[in-house]
Amino acid sequence: MSRGPSRRRMMVGAAAAAATAVFGPAARAVATPGTGSSEDCGERYQGYRDIDRGRPYAHFFAARTTPAPAVVTDAVGGPPIAPEWVPHFDSITTDLAPTGYSAIETGYGRRADGMTFVAVHTAMPRVTAAMWDWWFGWHSAEAARYKLWHPDAHLHAALAEDRTVHAIQDRAKYIGNTSFVDEYVGPKLQQLGIGFRDPVAHGFDVPADQTVVFGRVGSSIAPVDLGWLAHQVRPVQGGAEMRSRFYLNLRGLHVPDPKQAVCAVRRGTSVDPSDLVLGLDLARDLLLHCGQEMNHLAGFLPELHAEFGG
């Protein structure tokens, strides 16, 4: 008896068909499942392999991610924010103003209208905002760079356009670009496309010694946006502080990148209908994930930037 196509093959075909339908025949050569190989898409795996250990930045590899600070673990272990205290997305530019603090700097919750919210505050001794602008323009060009950030949970990264070789400002390398990542948030694999936007155009006030990394978060495969993220970095005595915000279940539509959509499926799709409903469990996991990765990278970002950010 002949067996029908596997779910994975069906997903590859669906992604290819969607890409071709959106982009037309010109995309067919990229989107057709039989075209190319897994090497074109890159493999997804946890940790580092021998090929990674030949990278010039391999001396920054860590076997495990640094634990999150106590302020984060305390919030993860505590109750969610009451729905009436969860800020609306419309307040993001005032929430992340150049000065002052908000009522909620670390925590998670969900509004009555279904919007899920996460806030994380991370102290970063010796770090500057410029280092983070460099990082966001540099890290997604290679999966091994992305894993520096969270070696336990980060698995793969790619860019819509690799601008790292261009002699342009660091912000210009990521604003208007999209980073495609496979990562675990808690126990669940996520395949995401993060389209970075101009924060000033959105209404943020960004002084010269600060930065705001602002992005639209969506699926790498489906044409669905899931929410927004923002990371403000501003100077404090002895270094910097990062104030991170995630606003989820604010959905929209986008045109998928045909190559990246097919590649995400080839690596093994994480598509699940429940992924479109981002509840409090996901928010709690994201709070811990963000607290871990930001604290981990901040510990050696000055040295990494000094060596590779010239």
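The questions and answers below go through a predicted model, from its overall make-up to single residues.

Residues are numbered from 1 along each chain as its sequence is written. In this predicted model local features need pLDDT of at least 70, side-chain atom pairs count only at pLDDT 80 or more, totals for chains, interfaces and linings use all residues, and side-chain values use heavy atoms, with hydrogens and water left out.

Reader: How many helices and strands does the secondary structure of the chain come to?

Author: Helices (H or I, at least four residues) and strands (E, at least two) are DSSP runs, numbered from the N terminus. On that basis the chain comes to 12 helices and 8 strands.

Reader: What percentage of the residues in the chain is buried?

Author: Buried means under 20% relative accessible area, exposed means over 50%, and partly exposed lies in between, with a 1.4 Å probe and protein chains only. The chain has 310 residues, and the buried share of them is 53%.

Reader: Which residues have the most contacts inside the largest nonpolar core?

Author: A nonpolar core is a set of buried Ala, Val, Leu, Ile, Met, Phe, Trp, Tyr and Cys residues joined through side-chain atoms within 4.5 Å. The largest one has 54 residues. Its largest share, 8 residues, comes from helix 11 (residues 280-298). The residues with the most contacts inside this core are Trp132, Trp135, Leu148, Leu301 and Leu304.

Reader: Which residues does Trp135 touch, not counting those up to four places away in sequence?

Author: Contact means heavy atoms within 4.5 Å. Trp135 is buried, as is Trp138. With residues up to four places away left out, Trp135 touches Arg145, Leu148, Trp149, Leu297, Leu301 and Leu304.

Reader: How many aromatic pairs does a search of the whole structure find?

Author: Rings of Phe, Tyr and Trp (its six-membered ring) pair if their centres lie within 6.5 Å; planes under 30 degrees apart count as stacked, over 60 as edge-to-face and the rest as tilted. The search of the whole structure gives a total of 22.

Reader: Why is the pair of Trp135 and Trp138 called tilted?

Author: Trp135 and Trp138 are 3 residues apart in helix 6 (residues 129-138), which separates them by about one helical turn. Their ring centres are 5.8 Å apart, and the pair is tilted because the planes stand at 50 degrees.

Reader: Is Gln237 buried or exposed?

Author: Gln237 is found in the loop between strand 7 (224-236) and strand 8 (239-253). Its C-alpha atom is separated by 8.4 Å from that of Pro125, 112 residues apart along the chain. With a relative accessible area of 82%, Gln237 is exposed.

Reader: What is the phi of Arg126?

Author: Arg126 lies in the loop between strand 2 (116-125) and helix 6. At 42% relative accessibility, Arg126 counts as partly exposed. Although Arg126 is not a glycine, its phi is positive, at about 75 degrees.
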